[in-house]
Every structure is written in structure tokens, then in C-alpha cells.
Amino acid sequence: MSWHTRATTRRGEGGIVLVFSTSDKGGAGRSVTSCNIAYRLCLSGRNVAYVDFDFGSPTAGALFEIGAMERGTTTGGTHSYLLGECGTAAGVDVGRATDRTALARVGPRSGRLVLFPGDEGGAEFLACDDAMVTRCVELLVRLDQEFSVVVVDLSAGRSIALEIALNATAQLRQHTVRWLIFHRWTRQHILAASGLVYGPNGLLQTGAIYGHDRDELLGSLRYVRTAVPATNSHLSAQRAAQAAWLQEQDAALRRLATACRLGTTAVLGATPTEPVLQCREQLILDSDVNAHIANIETAQAYIELARRLIDIATWEGL
Ligand SMILES: Nc1ncnc2c1ncn2[C@@H]1O[C@H](COP(=O)(O)OP(=O)(O)O)[C@@H](O)[C@H]1O
Ligand SMILES: [Mg+2]
């Protein structure tokens, strides 16, 4: 197969973008959604790097169905790169390495999708030192020259991965940086996501320590609601009482999200509950939709998230 390169900056887009995906909780749909967004950006002609900085749980290889990297790599992973144990983080071309035939067969208008996997058997860092931050900056600067979008999947919560990213981006002022906070559409996830951003030792507070401007950081941050259940009784064949209850809960969650400053204006988008993803972590390809296995609404949600992520209008003042 061949991956073609195309001019990457178009009208309404702000050039090269560094995207950091985070969530307070594990299981928030951060990796699955981020991989699907990266894939959709690649299909639309952009060269995309996917960097696995979820050091304790590097799952991107499994999501892209690269058999040899299901749980990370044994050579040149991001964890050992940051520790200085290898000279460079190794990238693998997803189209060439994937075991999934339909994923290898992207069209001639697609860009390249390159995974920088984590280390197999890697673990969360216990501390962040200057040398690690410098290596992170160097990696991001290098990727920035090769790719139009760089998606970095961070470890959950107030992690060292998040600290490294905040520290590194404070040194990358001339770059376009976006932060995505993933959360499920439940009470606990909404409260947790809000805490991760606004709470003690959260993203804003830690960012300020490293020299970020609070308002600027807040302006570069959007929320992604994942696996949101359908409340339309016609579509999901719910019983009347169940549909009414779900609609009530949905309204209550909307009120809570607004009260927690995660309201509509700060939302990049949402994904619907997808039966395929309830059973298996994977990319939702158009072939899955055409085979009537995955819902078309799920594929559309990823396309829309990808579009909004690189649309300047999304990021103009809240
Ligand atoms: N839209 C969705 N509908 C149903 N399940 C989903 C959806 N998105 C993600 N999931 C599932 O949720 C689980 C957690 O997702 P994952 O991306 O691994 O979370 P995280 O990276 O935040 O820990 C996975 O089993 C995944 O398949
Ligand atoms: Mg994950």
C-alpha cells in the first residue's frame, strides 16, 4: 500500500497542531477516541503522528492492530526514550505494520499515520526531571517538522505524563497546542474531569507553575464526552419508562456539566455508545459501517471530532 503526502494547511486551519489527550479516570475512552480521531485526520489527507505517553497502559498498538506491539514495543518506546535509554523514539507506519487489511488499504488521498509506541512492561514515572522534559520538547519539535497533527495520549489523572506535557508545552510557545479532556457521560466522570482541570494540582494549577497563562491554557482546552447513551426511544427501542428516565438523567448530567464548567461551549463533541466498542477496542472503519456492524453515527462522530479539532473557529475565544 502507499501513503501519499499532501499539502496540509488549508483555509480555516491553523497549521501544525500538537494535541494532548487526557482524562481524570482510566476507561474514559481517551485512547479509543484519540486513535479514531487520528485515523480520520489521516484519511482526510494529513500526516499524523500518534504518540503513546500512557506509560502504564500503552494500548495504541492494539488499537491499530499491530500484533507485535499489542502492549507496547521492546525497542525504542517513548518511556525509554524519555529516560535517555535510547537515542530516539521509534515510529512505525500503521498502514504497513497493521494486521487489519482494511486499515492497510487507505486511499491515495490519505496521509501517513505513524505510531510512536510506549514500552512493553513500562510503568508510570514517579518523578519528572529536566532531562526528560528536554527530550520531550526535542521529540515534539522533531515530529512537528514531519507531521501536520501530533496526537499525544497521556496517562490518566494528575500523572507525571501530564506534568511533562505541561512543562514541555510551556517551552513551545510558538506552537499550536490543544488539550482534550475525555470523560464518560456519567456523574462521577463529569466531576472527575472538572477536578482534573480546575481542582488542586489540576491542569490549570500545574500549568501555571510551569509558566502557562491560565486563560490561554483554558482557551486551548475542550472536553470530549464519550459513549453517550441514546435518549431517543425510537432509535434504541427503549421502553417508555426507561426512555423517560434516561432523558431525565441526560438533562441532569447537562446541568451538572454546565455547573462544573464543562458546558456546551467548552465541548469539542461527543461519541454515542457503540456496541462494537463495548466488546472490542478498535478503529471504526467505513467498512465496519458498510457491513452494518458499527453504527454510522459513531463513524460520523469521529469525523466531526477530527474536523472540529483542526478548525480554527472551534478555538476562537469561548
Ligand atoms: N463510544 C463508545 N461506546 C462504547 N464503548 C466505548 C466507546 N468509546 C470507548 N469505549 C470503550 O471504553 C473502554 C475504555 O476505552 P479506552 O479508550 O481504553 O479508555 P482510556 O484510554 O480512557 O483508559 C474500552 O473498552 C472502549 O472500547
Ligand atoms: Mg488508554
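These are my notebook entries on a predicted model, taken up element by element.

**The sheet**

I began with the strand order and found an open sheet of 8 strands, arranged β3-β4-β2-β5-β1-β6-β7-β8, with mixed pairing. I noted β3 (92-93) and β8 (267-272) as the edge strands, since each of them pairs on one side only. At the β8 end, I looked up the pairing of β7 with β8 and found it parallel, over 4 bridges; here Arg 225 stands opposite Ala 270 of β8.

**Strand β1 and its neighbours**

I then turned to β1 (residues 17-22), which stands between β5 and β6 in the strand order. With β5 (residues 149-154), β1 pairs in the parallel sense over 5 bridges, and I recorded Asp 153 of β5 as the bridge partner of Ser 21. With β6 (residues 176-184), β1 also runs parallel, joined by 6 bridges, and in this case Thr 176 of β6 is the bridge partner of Val 17.

How many of the residues of β1 are buried? I found that 6 of the 6 are, so the strand is largely enclosed by the rest of the structure. I kept in mind that side chains in a regular strand alternate between the two faces of the sheet. For β1 I therefore listed the faces separately, having taken buried to mean under 20% relative accessible area. Val 17, Val 19 and Ser 21 lie on one side, Leu 18, Phe 20 and Thr 22 lie on the other, and with every one of these buried, both faces are covered.

**Helices on the sheet**

Which strands does α1 lie across? I listed β1, β2 (48-53), β4 (113-116), β5, β6, β7 and β8, and noted that α1 runs at about 165 degrees to β2. Helix α15 also packs on the sheet, where it touches β1, β5, β6, β7 and β8, and its direction makes about 165 degrees with that of β8.

From α1, the contact draws on Val 32, Thr 33, Asn 36, Ile 37, Arg 40 and Leu 41, and from α15 on Ala 299, Tyr 302, Ile 303, Leu 305, Ala 306, Leu 309 and Ile 310. I sorted the residues of this contact into 10 nonpolar, 2 polar and 1 charged.

The axes of α8 (residues 187-198) and α12 (residues 240-259) come within 10 Å and cross at roughly 10 degrees, and these helices are therefore roughly parallel to each other. Their contact is made by Arg 187, Ile 190 and Leu 191 on the α8 side and by Leu 253, Leu 256 and Ala 257 on the α12 side. Its residues divide into 5 nonpolar, no polar and 1 charged.

**Helix α7**

I next checked how far α7 (residues 160-170) is covered and found 10 of its 11 residues buried. The buried residues are Ile 160, Ala 161, Leu 162, Ile 164, Ala 165, Leu 166, Asn 167, Ala 168, Thr 169 and Ala 170.

**Single residues**

A polar atom of the Thr 73 side chain lies 3.2 Å from the backbone nitrogen of Thr 75. Leaving aside residues up to four places away in sequence, Thr 73 touches Pro 117, Gly 118, Asp 119 and Glu 120.

Asn 201 sits in the loop between α8 and α9 (203-209) and, at 52% relative accessibility, counts as exposed.

The other entry is Ala 227, a residue other than glycine whose phi is positive and near 50 degrees. I placed Ala 227 in strand β7 (residues 221-228), and at 25% relative accessibility it counts as partly exposed.

Definitions and conventions
Residues numbered from 1 in each chain as written. Chains lettered and ligands numbered in written order. Predicted model: local features only at pLDDT ≥ 70, side-chain atom pairs only at ≥ 80, totals over all residues. Heavy atoms only, no water. Axes fitted to C-alpha atoms, helices over the stretch in contact; angles between N-to-C directions. Helix = DSSP H or I, 4+ residues; strand = E, 2+ residues; numbered from the N terminus. Parallel < 35°, antiparallel > 145°, perpendicular 65-115°, else oblique. Contact = heavy atoms within 4.5 Å. Nonpolar A, V, L, I, M, F, W, Y, C, P; charged D, E, K, R; others polar. Buried < 20%, exposed > 50% of the residue type's maximum accessible area, 1.4 Å probe, protein only. Polar contact = N/O pair within 3.5 Å; in protein donor to acceptor, adjacent residues only side chain to side chain. Pairing = 2+ DSSP bridges.
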